[in-house]
Amino acid sequence: MSPRRATAAASLALAMLLMAAPASANQKVPGADAGNCATSLIGTPLTVPKFSAATQKMLDEDIAIAAAALRIAPDREDSHIWYGRRLDYAGRICDSVDAFSAGIAKFPNSYKLYRFRARDLTRARKFKEALADYDKALELMGDTPDSFEPDGMPNPVGLTISTYRGNIVYYHAQTSFATGDYPTMVSGMAKSLALSADFARDDMRVPTAYWTYIAYRKMGEHAKARAAIDAIEPGLKLIENFAYYQAVQIMQGRLGPASVKDTRDSTIKFAIAMERRFAGDEAGAKALLTEIVRENPQGHWPSEAELAAPDRKAY
């Protein structure tokens, strides 16, 4: 088949899929309260990110194909999972929550759907509901053997490094930061690291150390915080968590904030902001936390939590 005919055939196939897309593809799917996707915890407006024309086209096509697959195969758990995930990648967080809720209505025993809805409930600032979903996911998973979680946006080497159980435990711990449950953060991060595959251990050591350090500092246990962060040695060979690694080096004092002064990465900037707060520079911390929230179309919930309720405690 000639390249021109192949392209025409592919276009026709896509068109047929789009014709099969469910009527709800561009509408809200009835479900649980999707949370707040309009304003941050500090009242700043939240919007869907603006992507390049090429990226937006790809995202729209992915959503359309996933919607078509859902229409064609509504009795498949994966159809609901990928429709919700494609909406998430496009920044349509509350629509994604609704899509996962619709999937849960059809598959009430799906730990995978609860896992993915929980992540987006966190992004929709529904923290307690997200934690309940993670707990439900673990309950439903039970003794089911763990498996690698497919990446919708693969890392540069195309290697999946995280598992379902590992992600559920990790994100439950991370979300506990929003509620001020720092002991749960510490124990959860340790559990998620223990669940990581050997080849991905270094990649998980970095973010778990980052959040463990912050949790201990929030509890005033500075020696434990220092031990957690200093355990990360230089020269790690990572697959994807490079920003976390830079942030950890800032927390260690091995990397000065001036060396990343032009970064827009929220993980790195949040580390700098928290170091300012821990050092007693409240004005500097608040200014940077606010900057992080305002420069991201969808805000940054950890920064928002620190600004809205810096003294929160749930233990």
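Which residues line the second largest pocket? In this predicted model, the lining comprises Y182, R217, K218, R277, F278, E282, E306, P310, D311, R312, K313 and Y315. The model is a prediction in which local features need pLDDT of at least 70 and side-chain atom pairs count only at pLDDT 80 or more, while totals for chains, interfaces and linings use all residues. Residues are numbered from 1 along each chain as its sequence is written, and side-chain values use heavy atoms, with hydrogens and water left out.

**View 1. The second largest pocket and its lining.** About 180 Å³ of space lies in this pocket. Helix 9 (201–218) and helix 12 (266–278) are the elements that give two or more residues to its lining. By class, the lining holds four nonpolar, no polar and eight charged residues. A pocket is an open set of points on a 1 Å grid over the protein atoms alone, with protein on both sides within 12 Å along at least five of seven lines, and lining residues have an atom within 4 Å of a point. Grid points are joined across faces, edges and corners, and a volume is the space filled by probe spheres set on the points. Ala, Val, Leu, Ile, Met, Phe, Trp, Tyr, Cys and Pro count as nonpolar, Asp, Glu, Lys and Arg as charged, and the others, Gly among them, as polar. Helices are DSSP runs (H or I, at least four residues) numbered from the N terminus.

**View 2. The largest cavity.** A cavity is a set of grid points where a 1.4 Å probe fits but cannot get out; the count comes to two cavities of 30 Å³ or more. The largest cavity has a volume of about 60 Å³ and is lined by I161, S162, T163, G166, N167, S192, L195, S196, A197 and M204. Helix 7 and helix 8 (182–195) each supply at least two residues of this lining. Its residues divide into four nonpolar, six polar and no charged.

**View 3. Packing of helix 7 and helix 9.** The axes of helix 7 (residues 164–179) and helix 9 come within 11 Å and cross at roughly 30°. Axes are lines fitted to C-alpha atoms over the stretch in contact, and angles run from 0 to 180 degrees between N-to-C directions. The two helices are therefore roughly parallel to each other (under 35 degrees; over 145 counts as roughly antiparallel, 65 to 115 as roughly perpendicular and the rest as oblique). Contact, meaning heavy atoms within 4.5 Å, involves Y170, Q174 and F177 of helix 7 and M204, P207, T208, W211, I214 and K218 of helix 9.

**View 4. Packing of helix 9 and helix 11.** The axes of helix 9 and helix 11 (residues 242–252) come within 9 Å and cross at roughly 40°. Helix 9 is thus oblique to helix 11. V206, P207, Y210, W211, Y213 and I214 of helix 9 meet Y244, Y245, A247, V248 and M251 of helix 11. This contact has eleven nonpolar, no polar and no charged residues.

**View 5. Packing of helix 4 and helix 5.** Helix 4 (residues 93–106) and helix 5 (residues 111–123) pack at an angle of about 155°, with their axes 9 Å apart. Helix 4 is therefore roughly antiparallel to helix 5. Among the residues in contact are F100 of helix 4 and F116 of helix 5. The contact residues divide into eight nonpolar, three polar and three charged.
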